[in-house]
Protein chains: 2
Amino acid sequence: MTNSNAKGDRRERQLVNALDDRGFAVMRAPASGSATERDLPDVLAGNADVFYALEAKSSSGDPIYLTAAEVEALVFFAVNFGARPKIGVRFDHDDWWFLDPWQCHCTPSGKSYRVKQALAHDVGVTLDQLAGTQAALS
Amino acid sequence: MTNSNAKGDRRERQLVNALDDRGFAVMRAPASGSATERDLPDVLAGNADVFYALEAKSSSGDPIYLTAAEVEALVFFAVNFGARPKIGVRFDHDDWWFLDPWQCHCTPSGKSYRVKQALAHDVGVTLDQLAGTQAALS
């Protein structure tokens, strides 16, 4: 595991614990061995009221990129499971921000999506808003 | 991984694939690194209608035993998440059978639960019944 992956892994664990603290039951996808060949979201969380399928990305750069395949797999799983798909982005020295997949910008090639930090602040919701522990502004 | 664990692992993968075939989006718990210290169910499955948290046990013996801690963790997670807790048992030369936790027999010590094959056949539901692809008899 590279330093960069280790940091992403640590931040994803912090996200899982933060959701747990806010009353969610949370399952992280296994690194491998998911049994089916389908791509899984990084995190599945429910609080008996709402269910989220989360793709979590952290980066020291801006924007954060996701492949179109990742986003499509997230939406496919979420719709099939019965959860809301959300993309969580974590820039350095910032909090987690969560966006709907359709709020992310598709790149001209159509093969990836990008989320700028300014966009995340503009249209994203915070962890407390996602968890319903603070009223959403929108 | 012992032969016995390898067989249990293979059967759990078959269960995940069988649920996937029946229209469920399925996530298997990671073997480790779940981030929180809570015990996770083995499998979480949803089809936008029902959600199941499953503890899956296979054995060449009869009865199959579960620890009280496993059953309690399953029920805790399921209630918190908003899923139905089910215990899946797989005896050799048999199919998977699924029981509600309260249908399992608590041992006199109170530290474990046991499921006899005859009980599984008597009160359990099949995979198709669980998945709603065949009307439940009860």
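Reading the terms for this model

User: Why is A:Asn5 called partly exposed?
Analyst: The relative accessibility of A:Asn5 is 45%, and this falls between the two limits, since buried means under 20% relative accessible area and exposed over 50%, with partly exposed in between (1.4 Å probe, protein chains only). A:Asn5 therefore counts as partly exposed; its place is in helix 1 (residues 3–21) of chain A, where a helix is a DSSP run of H or I with at least four residues, a strand is a run of E with at least two, and both are numbered from the N terminus. This is a predicted model, in which local features need pLDDT of at least 70 and side-chain atom pairs count only at pLDDT 80 or more, while totals for chains, interfaces and linings use all residues; side-chain values use heavy atoms, with hydrogens and water left out. Residues are numbered from 1 along each chain as its sequence is written, and chains are lettered from A and ligands numbered from 1 in the order in which they are written.

User: Which class does A:Leu119 fall into, buried or exposed, and why?
Analyst: A:Leu119 has a relative accessibility of 16%, so it counts as buried. This residue belongs to helix 3 (residues 117–123) of chain A, and, leaving aside residues up to four places away in sequence, it touches A:Leu99, A:Gln103, A:His105 and A:Gly124, a contact being heavy atoms within 4.5 Å. From A:Leu119 to A:Pro101 the separation is 18 residues in sequence and 13 Å in space, C-alpha to C-alpha.

User: Why is B:His93 described as exposed?
Analyst: The relative accessible area of B:His93 is 83%, so this residue is exposed. B:His93 is placed in the loop between strand 5 (84–91) and strand 6 (96–99) of chain B, and has a positive phi of about 60 degrees although it is not a glycine. B:Ala48 is likewise not a glycine, and has a positive phi of about 70 degrees.

User: What makes strand 2 and strand 3 of chain A a pair?
Analyst: Two strands pair if DSSP finds at least two bridges between them, and strand 2 (residues 43–46) and strand 3 (residues 51–59) of chain A have 4 bridges in the antiparallel sense. Opposite A:Leu44 stands A:Ala53 of strand 3. These two strands of chain A form a hairpin with 4 residues between them, and A:Ala48 in the turn has a positive phi of about 70 degrees. On strand 3 of chain A there is also a parallel pairing with strand 5 (residues 84–91), over 8 bridges, in which A:Ala56 has A:Gly88 as its bridge partner.

User: What makes strand 4 and strand 7 of chain A edge strands?
Analyst: In chain A, 3 strands form an open antiparallel sheet in the order 4-8-7. Strand 4 (64–67) and strand 7 (105–106) each pair on one side only, and are the edge strands. Strand 7 is joined to strand 8 (residues 112–115) of chain A by 2 bridges, with A:His105 and A:Arg114 as bridge partners.

User: How do you know that the two copies are related as by a two-fold rotation axis?
Analyst: Chain A is superposed on chain B by a rotation of 180 degrees with 0.0 Å of shift along its axis (RMSD 0.0 Å), and the copies are thus related as by a two-fold rotation axis. In chain A, the C-alpha nearest the axis belongs to A:Pro30, 2.0 Å away. The superposition is by least squares on the C-alpha atoms of residues with pLDDT of at least 70 in both copies.

User: What does the lining of the largest cavity have, by class?
Analyst: The lining has 5 nonpolar, 2 polar and 2 charged residues. Among the lining residues are A:Val26, B:Arg38 and B:Phe76, and helix 2 of chain B gives the most, with 3 residues.

Terms used:
1 Å grid on protein atoms, 1.4 Å probe; cavity = no way out; pocket = protein on both sides within 12 Å on 5 of 7 lines; lining within 4 Å. Nonpolar A, V, L, I, M, F, W, Y, C, P; charged D, E, K, R; others polar.
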